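Colleague: I am new to reading structures, and I would like to learn how to look at charged pairs, sheets and pockets. Could we go through them one at a time?

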Amino acid sequence: VPAGIVGGGRVGGGNDFQWCFSQVKGAIDEDVAEADIISTVEFNCSGELLATGDKGGRVVIFQREQESKNRLLSRGEYNVYSTFQSHEPEFDYLKSLEIEEKINKIRWLPQQNAAHFLLSANDKTIKLWKISERDKRAEGYNLKDEDGRLRDQFRITTLRVPVLMPMDLMVEASPRRIFANAHTYHINSISVNSDYETYLSADDLRINLWHLEITDRSFNIVDIKPANMEELTEVITAAECHPHQCNVFVYSSSKGTIRLCDMRAAALCDRHSKFFEEPEDPSSRSFFSEIISSISDVKFSHSGRYMMTRDYLSVKVWDLNMENRPVETYQVHEYLRSKLCSLYENDCIFDKFECCWNGSDSAIMTGSYNNFFRMFDRNTRRDITLEASRENSKPRAMLKPRKVCTGGKRKKDEISVDSLDFNKKILHTAWHPKENVIAVAATNNLYIFQDKIN
């Protein structure tokens with residue numbers, strides 16, 4: 001993706017941020033079943049597959065269709081490839097706690113052969129799934145008939161060589177490993193390491209390192225649980241492995257700080273190598289300061305030079321070589337600062353928004369309320385608000401930029417802060433690793449947008 005392009009528009013040509021509608025998945029019903037709400041979205045390493053997890057414990061994988069010669073204007077569309085039940089609801093009898101089936105995170109492993117592998121996690125258990133295709137079946141067995149019944153051994157007089165016959169394509173999902181019983185608290189992150197042999201999983205107080213082949217033990221690499229829980233002042237909110245250095249990882253906290261750890265320094269990484277924190281402006285301190293500074297997501301750039309953090313009102317980009325302040329700060333919805341009191345009362349202030357990079361690290365995307373999502377071009381510092389809505393869902397219909405009016409006279413195309421719908425929120429988004437194709441989860445619908453094809 002050329003640097004400095006967000007959505008395929010040319011920088012400085014007045015043409016930036018030109019996105020158009022591609023597809024929408026999911027039912028249109030007004031009454032949305034809780035189980036159908038999408039809880040995670042993730043492209044695989046090539047971008048050919050797109051996985052979603054929902055609150056009902058299901059994983060749906062979409063595969064990109066090959067582009068046809070006679071439809072040059074349209075890119076390959078994503079269609080359902082496989083759907084399976086990843087997690088079931090469970091009950092912890094020792095603690096008298098229900099364990100939800102909701103999928104918290106999905107992470108793809110790089111493809112090594114014809115099959116695909118992904119990790120999916122609910123609050124307590126991580127599973128490694130293999131997704132493989134079958135388009136042939138064996139026929140001509142010696143000991144059983146074609147319908148599977150065993151043959152009478154005395155009637156077998158000749159030896160047959162079974163042959164493989166073509167059959168309709170079947171996509172099978174099978175659990176290859178189950179990593180359980182390692183987290184006392186709820187899992188908020190899983191991240192595959194760049195050695196592709198290990199991965200980490202994080203909950204509120206601990207981070208564990210797993211080997212993909214070993215399910216009965218993991219190494220605890222971070223433990224911030226105090227001896228006396230009354231002294232607890234912060235929790236881990238997200239964690240991620242460095243994209244190139246398999247010994248480095250970061251984790252963020254509810255206090256708005258990020259710690260970078262190096263596993264070469266010590267087996268237990270309670271002492272960080274780097275500590276990223278922006279000093280607070282005392283003049284803007286309020287009752288809500290601590291809540292809104294809590295980091296809900298942290299993501300390394302593809303280059304590994306930067307990392308991005310999302311808090312309630314902003315996105316920050318940090319240079320790994322500079323710990324005392326971020327190099328870039330983008331306001332996502334500053335107009336909500338005056339509404340924090342009502343957002344606290346309706347619990348929206350605790351919403352956990354995710355963020356993502358485009359393939360060349362030149363642009364970032366994150367969600368907001370009213371089904372709005374925001375994009376920021378790091379080169380031009382331009383930004384835009386777009387809406388995931390069925391009203392504009394004709395193929396290749398251009399997305400119109402949205403503006404929120406904060407007071408004074410409202411212009412024709414603007415929407416007032418007071419009329420924003422806080423039940424419609426974009427928490428989960430994903431950007432194709434190589435192209436300007438984005439996936440945006442809005443409640444139970446998955447929207448796919450692409451840049452305008454000139």
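Modeller: Gladly, and please keep in mind from the start that this is a predicted model. Let us begin with charged pairs. Side chains of opposite charge can pair when their charged atoms come close. Here the side chains of Asp135 and Lys136 form a salt bridge, with 3.8 Å from N to O.

Colleague: Which residue forms a salt bridge with Glu234?

Modeller: Glu234 pairs with Arg259, and the closest N and O atoms of the two are 3.2 Å apart.

Colleague: Where in the chain do Asp418 and Lys339 lie?

Modeller: Their side chains meet in a salt bridge of 3.0 Å, N to O. Asp418 is in the loop between strand S29 (414-416) and S30, and Lys339 is in the loop between strand S23 (328-331) and helix H2 (340-345), so that the pair, 79 residues apart, links distant parts of the chain. Asp418 is exposed, at 63% relative accessibility, whereas Lys339 is partly exposed, at 22%.

Colleague: How many salt bridges does the structure hold?

Modeller: There are 26 salt bridges. Salt bridges can also be joined into a network, as they are for Asp36, Asp54 and Arg58.

Colleague: Let us turn to sheets. What is the order of the strands in the open sheet of 4 strands?

Modeller: As a general idea, strands of a sheet pair through backbone hydrogen bonds, either parallel or antiparallel. In this open sheet the order is S2-S3-S4-S5, and the pairing is antiparallel. S2 and strand S5 (78-85) are the edge strands, each of which pairs on one side only. From one strand to the next, the twist averages 20°. Looking inside the sheet, you can follow strand S3 (residues 49-54) and strand S4 (residues 58-64), which run antiparallel and are joined by 5 bridges. One example is Gly53, whose bridge partner in S4 is Val59.

Colleague: What is the volume of the largest pocket?

Modeller: Rolling a probe the size of a water molecule over the atoms shows where empty space is left. The largest pocket has a volume of about 1200 Å³. It is lined by 49 residues, and those closest to its centre are Ser296, Phe350, Asp351, Lys352 and Phe353. S16 contributes the most to this lining, with 5 residues. By kind, the lining of the largest pocket divides into 18 nonpolar, 14 polar and 17 charged residues.

Colleague: Which residues are the closest to the centre of the second largest pocket?

Modeller: They are Glu42, Cys45, Arg107, Glu240 and His302, out of 31 residues that line this pocket. The second largest pocket holds about 930 Å³ of space.

Terms used:
Residues numbered from 1 in each chain as written. Predicted model: local features only at pLDDT ≥ 70, side-chain atom pairs only at ≥ 80, totals over all residues. Heavy atoms only, no water. 1 Å grid on protein atoms, 1.4 Å probe; cavity = no way out; pocket = protein on both sides within 12 Å on 5 of 7 lines; lining within 4 Å. Points joined across faces, edges and corners; volume = space filled by probe spheres on them. Helix = DSSP H or I, 4+ residues; strand = E, 2+ residues; numbered from the N terminus. Nonpolar A, V, L, I, M, F, W, Y, C, P; charged D, E, K, R; others polar. Salt bridge = Lys/Arg side-chain N within 4 Å of Asp/Glu carboxyl O. Buried < 20%, exposed > 50% of the residue type's maximum accessible area, 1.4 Å probe, protein only. Pairing = 2+ DSSP bridges. Axes fitted to C-alpha atoms, helices over the stretch in contact; angles between N-to-C directions.
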